[in-house]
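The sequence and the model are shown first, and the discussion follows.

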Amino acid sequence: MAYYGISSNLIIYLTKKMHQGTVKSANNVTNWVGTVWMTPVLGAYVADAFLGRYWTFLIASAIYLLGMSMLTLVVSVPGLKPPSCSAHQPLGPDCPMPSPLQLGLFFGALYTLAVGTGGTKPNISTIGADQFDEHAPKEKAQKLSFFNWWMFSIFLGTLFANTALVYIQDNVGWTLGYGLPTIGLALSIVIFLAGTPFYRHRKPSGSPFTRMGMVIVAALRKWRVPVSVDPKELHELDLDEYTKNGMHRIDSTPSLRFLNKAGVKTGSTSPWLLCTVTQIEETKQMLRMLPILVATFIPSTMIAQVNTLFVKQGTTLNRSIGSFNIPPASLAGFVTLSMLVSVALYDRFFVPFVKKWTKNPRGVNLLQRMVIGAVLHITIMVIASLTERYRLRVAKEHGLVESGAQVPLTIFVLLPQFVLMGTADAFLEVAKIEFFYDQAPESMKSLGTSYSSTTLGVGNFLSTVFLSNVSRITRRNGRGGWILNNLNASHLDYYYAFFAVLNVVNFVFFLVVAKFYVYKAEVSDSMVVLRQELEIGSRNKVTSQQTSEA
């Protein structure tokens, strides 16, 4: 609720209150949202390496609350925000621009909030998933549904933000509109603290980047050393070393075989020259996910349009229902509603129906679910382009191109692209967060989860790059340009068509990397083998001792 209460309507605040143009305000939104989704990499690193997930989340929550409190103060105190523009020239020469101090305080509060989200986003979902025991059949089955309902609960808060909060911000005031999520955030921290005695806590296992770096450096330094075909000749610790430390041993795999050189014994025991098989396989698991990570960048760029250009489109349309004016950002509520309905239908009907044929407890595997979401993103941008072409035609027919006045079309013509975005999220976004958590090694779960937020961060930064460059290129040589402050004189239909083509190209890439991806072995299956080996080793030890005594 707190995050979406800010991001959903931020472009409206920047244009109406901070007096910024379409491209600049949209880029400021995507730059901030991109930062919000990139900082979880740092938060995941701190959690896995030093503080653990619980304390990282708690400290980050305090920073998050500080940022929200600062933001509420900045939008409330008259001297901390620029005065209003003339009603007739909202972005004209008479419109006072914010001072450097006002800009600094506003964006300082936003980016303080972004630092806080860096420690909360990758760790709270991971803490939740950690409460299920992989080795208890009942809990393992429950965990398969966890991320569906995790996203369901998130989007309940999002729904309130996209409906009630944006209405309050547009019609009552920004002080209350930002103050309510600040209070809500404080209450959520109290609720989290109340559950502390019941949580299962995972201890930090050292820096994941250092562990992976050791493997890569050791393999490069021994690039001429041959690797034996027998994985038992590679360096590995005894089984009891892992079990007494609560860690999981991973068997050697043939993929990314070059990294196996890090485990070849050459006489040196330096950790930068000799790594265990488990450490090598952990590195492989994180590296194998990188192509999938890249394949989700473009769909994440599409999601960035919801809170920027989709909302900006809404400001040009008829938003009245009787005496009630619909806030443009509230259409994002339909993304949420669609997401909620789709997740519930998927979990309760689609999965039980499909798994009869696939024999997969998830119905379809995670990458197949993500591919369905990628197809929906292509459909969304085609529909968005056709809808915008229709809106521009109506604007031209009524002579509204030059004036940029409201087009006599209901805002609900944009509904299909919002609803389909929520359905796409139910497939791609839910599967994405579960995939990166599930496929990450046990000691790097927070870092793995941060992969899912990294894709959203990169997607938002890509949106900034695309918007800036397309706007600049299409305005060369005196041409009108595709994205202007006056959307009636713009060509967003061309821009959305460009995105549709980009999604098609990315879809082909997605299919290729999904086809060659190798899923990691189930931890529980590995543990069965581990237990069997321990039992065999224990029996052999007893037999040997009895023989010696005899």
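## Helices H4 and H7

Which hand, left or right, does the crossing of H4 and H7 have? The crossing of these two helices is left-handed. The model examined here is a predicted one.

Two packed helices are described by the angle between their axes and the distance between the axes. The axes of H4 and helix H7, which covers residues 174–194, come within 9 Å and cross at roughly 160°. Angles over 145 degrees count as roughly antiparallel, and H4 and H7 are therefore roughly antiparallel to each other.

On the H4 side, the residues that meet H7 include Tyr54, Phe57, Leu58 and Tyr64. Among their counterparts in H7 are Tyr178, Pro181, Leu185 and Phe192. Sorted by class, this contact of H4 with H7 holds 14 nonpolar and 6 polar residues, with no charged residues.

## Helices H4 and H5

Helix H4 (residues 40–74) also packs with helix H5 (residues 100–130): their axes come within 5 Å and cross at roughly 140°. That angle makes H4 oblique to H5.

The crossing of H4 and H5 is left-handed. In the contact of H4 with H5, the residues divide into 22 nonpolar, 13 polar and 3 charged.

Thr158 is part of helix H6, which spans residues 137–171. Is Thr158 buried or exposed? Its relative accessibility is 2%; because buried means under 20% relative accessible area, Thr158 counts as buried.

Leaving aside residues up to four places away in sequence, Thr158 touches Tyr4 and Thr336.

## Two residues with positive phi

Most residues other than glycine have a negative phi. Leu256 is not a glycine, yet it has a positive phi of about 45°. Leu256 lies in the loop between helix H9 (239–244) and helix H10 (277–288). With a relative accessibility of 41%, Leu256 counts as partly exposed.

Lys359, also not a glycine, has a positive phi of about 65°. Where is Lys359 found? Lys359 belongs to the loop between helix H14 (332–358) and helix H15 (366–397). The relative accessible area of Lys359 is 67%, and exposed means over 50%, so Lys359 is exposed.

Definitions and conventions:
Residues numbered from 1 in each chain as written. Predicted model: local features only at pLDDT ≥ 70, side-chain atom pairs only at ≥ 80, totals over all residues. Heavy atoms only, no water. Helix = DSSP H or I, 4+ residues; strand = E, 2+ residues; numbered from the N terminus. Buried < 20%, exposed > 50% of the residue type's maximum accessible area, 1.4 Å probe, protein only. Contact = heavy atoms within 4.5 Å. Axes fitted to C-alpha atoms, helices over the stretch in contact; angles between N-to-C directions. Parallel < 35°, antiparallel > 145°, perpendicular 65-115°, else oblique. Left-handed = near helix turned anticlockwise from the far one by under 90°. Nonpolar A, V, L, I, M, F, W, Y, C, P; charged D, E, K, R; others polar.
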